[in-house]
Amino acid sequence: MKITLNSPLDMHLHLRDGDMLKLTAPLSADFAGAVIMPNLVPPVTTPTAMQGYAARIASAMDGAAFSSYMTLFFTPMSEKELQAAKETPGFFGFKLYPAGITTNSEGGISDMAQADTTLKLMEEMGIPLLVHGESHGFVMDREQEFLSVYRHLATKYPKLKLSMEHITTAAALRLLDEFPNICATVTLQHLIITLDDVAGGALRPHLFCKPIAKRPEDRDALLQAALNGHPRLMFGSDSAPHPRCKKEACGCAAGVFTAPVALPRLAEIFATNGAADKLQGFVSGNACAWYGLTPVQKTITLQDTPMMVPASYRSYGEQVVPMYAGESIGWSIVR
Ligand code: NCD
Ligand code: ZN
């Protein structure tokens, strides 16, 4: 069996910078484009820094046709600053992090009231807001505790293009249905794993990410929503590479590196569940419709021929371990 996709998009991607960027960029080049996260050190907060980063990504893509939808790390901004951002080529929207909630987010927002004026302006100017929605509460409850913030934002700024990033719970899906003005991204791993896979047996650091994988009923609800073609649910891998030594360590960094296996595994999941016809919407159509995107034209064909996933990817002195490292997965990309 084969599935051909038109211009697949990854709506939440960490490519990092420097040597790590040179390693990761080609591994996302089967996508036609991606929303690029700004949590570098220091975070990408200005149009100038963003343009420089976009140029380094383009160079690391080594000629591949790829649209980088660039985000800026949310900080309160004036109308003039927002206008300058909006006019910068490649700019997509803002990513808001609660302060200290995840990797390199110390400069995030500690009180949502700080964001008020800027969000009002963004609503008027049609600038999307992407949110890492977790509280600082008990780890299993963080997303659910943050839902009241989404509810508040969706009510207060009804025209704001608001995205709940990497949702992991059935409760977040219910909020999506409650508010037609919200969209959401979901990762590959949260369609597949639960907390049991991370910590139920021997600890598996390469499956540890934020938000942490939740309960079977959460995973099942997310998977069903994707397979049923929920029009406001989009694929965002949150592929988040960290050097092997930072993952296999005391104090393991959060992030699952899924870029090299994302499209084959999605094809396998949708095909084996009889939902192959819903994959195009999930990996491209829903995002294009919601944001009005026109990514570069690219077709990619996936087949039910197994792929051996490398134990790690090494280059430029970096080494990263992907999801399914050293295992065989059921589908692969036709080269
Ligand atoms: C991401 C990272 O490493 O940048 N980590 C993760 O666990 N997902 C940050 C993020 O998206 O939370
Ligand atoms: Zn992320």
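This is a predicted model: local features need pLDDT of at least 70, side-chain atom pairs count only at pLDDT 80 or more; totals for chains, interfaces and linings use all residues.
Trainee: Which residues coordinate the zinc ion (ligand 2)?

Mentor: The donor residues follow the spacing H-x1-H-x223-D along the sequence, with contacts at 2.0 to 2.1 Å. The histidines each use NE2 and the aspartate uses OD. The residues asked for are therefore His12, His14 and Asp238.

Trainee: How many residues apart in sequence are the parts that histidine 12 and aspartate 238 tie together?

Mentor: Histidine 12 belongs to strand β2 (residues 9-13), whereas aspartate 238 sits in the loop between β9 (233-235) and α10 (244-247). Because both are donors to the zinc ion (ligand 2), the pair ties together parts whose separation in sequence is 226 residues.

Trainee: Is aspartate 238 buried or exposed?

Mentor: Aspartate 238 has a positive phi of about 55° although it is not a glycine. Its relative accessible area is 6%, and the cut-off for this class is under 20%, so aspartate 238 counts as buried.

Trainee: What is the volume of the largest cavity?

Mentor: Three cavities of 30 Å³ or more are counted. The largest is lined by 18 residues, with His14, Thr102, Lys210, Asp238 and Ala240 nearest its centre, and this lining divides into five nonpolar, nine polar and four charged residues. Its volume is about 120 Å³.

Trainee: How many nonpolar residues are in the lining of the second largest cavity?

Mentor: This cavity has a volume of about 40 Å³, and its lining includes His206, Ala240, Lys247, Phe257 and Val321. By class, three lining residues are polar and one is charged, while the number of nonpolar ones is six.

Trainee: What is the phi of serine 7?

Mentor: Serine 7 lies in the loop between β1 (2-6) and β2, and it is buried, with a relative accessible area of 5%. Although serine 7 is not a glycine, its phi is positive, at about 45°.

Technical notes. Residues are numbered from 1 along each chain as its sequence is written. Chains are lettered from A and ligands numbered from 1 in the order in which they are written. Side-chain values use heavy atoms; hydrogens and water are left out. On a 1 Å grid over the protein atoms alone, a cavity is a set of points where a 1.4 Å probe fits but cannot get out, and a pocket is an open set with protein on both sides within 12 Å along at least five of seven lines; lining residues have an atom within 4 Å of a point. Grid points are joined across faces, edges and corners, and a volume is the space filled by probe spheres set on the points. Ala, Val, Leu, Ile, Met, Phe, Trp, Tyr, Cys and Pro count as nonpolar, Asp, Glu, Lys and Arg as charged, and the others, Gly among them, as polar. Donors are N, O and S atoms within 2.8 Å of the metal (3.2 Å for Na, K and Ca); water is not among the atoms, so sites may look incomplete. Helices (H or I, at least four residues) and strands (E, at least two) are DSSP runs, numbered from the N terminus. Buried means under 20% relative accessible area, exposed over 50%, partly exposed in between (1.4 Å probe, protein chains only).
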